[in-house]
Amino acid sequence: MSNAHVNDEIIQVFALDKNYYHPEASAHLEQCKTCREAVAAYQRMFSGIQSSPPAVFDFDVKALVLPQLPVPGKPQTMRKSGWLPVLVIVLGAVLPLGIGGYAFRKDLAGIFNSSLPYLLFCLGPAATLLLLWLVTDILSRHGQKMARLEYY
Ligand SMILES: [Zn+2]
């Protein structure tokens, strides 16, 4: 530690413990006014922190947080509003298919046999687009998660 100043970590240790001894740093501190002033500044800061009153919330943290915590042992249930869209989708798809299938039950085999090429022509591009959308969505979410990890 020839001409370089003592690093901040060691200066903080000196500020916290006056009996601390580090062979090179202690020798440097005896000669360097800048480092001694840094130790003194940290000592003032630490004593200021210790003498300051403890932080107190001006609102009731317990009353705000406790109702939002999950109750241990109680299983998490899906909210009622979460079932309504599922029910609407299932009824919206099953009811028309069931009614249509029952009404055209004699023609069902003919409909599927004659329209299979047209169905493949329509479903192929839709499936391809859906697959592309899913892949881009997965890549986008992965990018967002990786960006979020950069903060930690
Ligand atoms: Zn120094």
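Leu29 is placed in helix 2, where helices (H or I, at least four residues) and strands (E, at least two) are DSSP runs numbered from the N terminus. The structure is a predicted model, in which local features need pLDDT of at least 70, side-chain atom pairs count only at pLDDT 80 or more, and totals for chains, interfaces and linings use all residues. Residue numbers start from 1 along each chain as its sequence is written.

Leu29 is buried, with 20 other C-beta atoms within 10 Å. A residue is called buried if 20 or more other C-beta atoms lie within 10 Å of its own, exposed if 12 or fewer, and partly exposed in between, with C-beta atoms placed from the backbone. Leaving aside residues up to four places away in sequence, Leu29 touches Val6, Phe14, Cys35, Arg36 and Val39. Such a contact requires the C-beta atoms of two residues, placed from the backbone, to lie within 7 Å. Leu29 and His5 are 24 residues apart in sequence. Their C-alpha atoms are 8.6 Å apart in space.

His28 is also found in helix 2. This residue is partly exposed, with 19 other C-beta atoms within 10 Å. His28 and Ala4 are 24 residues apart in sequence and 8.8 Å apart in space, C-alpha to C-alpha.

Leu29 belongs to the largest nonpolar core. Six residues make up this core: Val6, Ile10, Ile11, Phe14, Ala25 and Leu29. A nonpolar core is a set of buried Ala, Val, Leu, Ile, Met, Phe, Trp, Tyr and Cys residues joined through C-beta atoms within 7 Å. Helix 1 and helix 2 are the elements that give two or more residues to the core. The largest share, three residues, comes from helix 1.

Helix 1 spans residues 8–16, and within this helix Ile10, Ile11 and Phe14 are buried. They lie on the same side of helix 1, because they cover an arc of only 105° around the axis. The arc is that of the directions from the helix axis to the C-beta atoms. Asp8, Glu9 and Leu16 are exposed on the other side of helix 1. The cover over the buried residues of helix 1 includes helix 2 (23–31) and helix 3 (33–51).

At the level of the whole protein, there are six helices and zero strands. The pattern along the sequence is α-α-α-α-α-α. The radius of gyration is 35 Å, well over the 15 Å that the globule rule gives for 152 residues, so the protein is more spread out than a compact globule. This radius is taken over C-alpha atoms, and the globule rule is 2.2 Å times the number of residues to the power 0.38. Along the principal axes, the C-alpha atoms fill a box of roughly 100 × 45 × 25 Å. Of the 152 residues, 4% count as buried. Among contacts with a separation of 6 or more, 52% are between residues 24 or more positions apart.

The protein is divided into domain 1 (8–51) and domain 2 (115–152). These bounds come from an automatic or database domain assignment. The C-alpha centres of domain 1 and domain 2 lie 58 Å apart.

The unreviewed UniProt entry carries the annotation "transmembrane region" for residues 83–104 and 116–139. UniProt positions are given in the numbering used here, feature names are shortened, and annotations may be inferred rather than shown by experiment. In the model, residues 83–104 are 95% helix and 0% strand. The end C-alpha atoms of that span lie 31 Å apart. Residues 116–139 are 100% helix and 0% strand. Their end C-alpha atoms lie 34 Å apart.

Gly98 is found in helix 5 (residues 80–103). With 10 C-beta neighbours inside 10 Å, Gly98 counts as exposed. Gly98 and Phe14 are 84 residues apart in sequence, and their C-alpha atoms are 81 Å apart in space. Pro117 is found in helix 6 (residues 108–149). Pro117 likewise counts as exposed, with 8 C-beta neighbours inside 10 Å. The C-alpha atoms of Pro117 and Ile99 are separated by 25 Å, at 18 residues apart along the chain.
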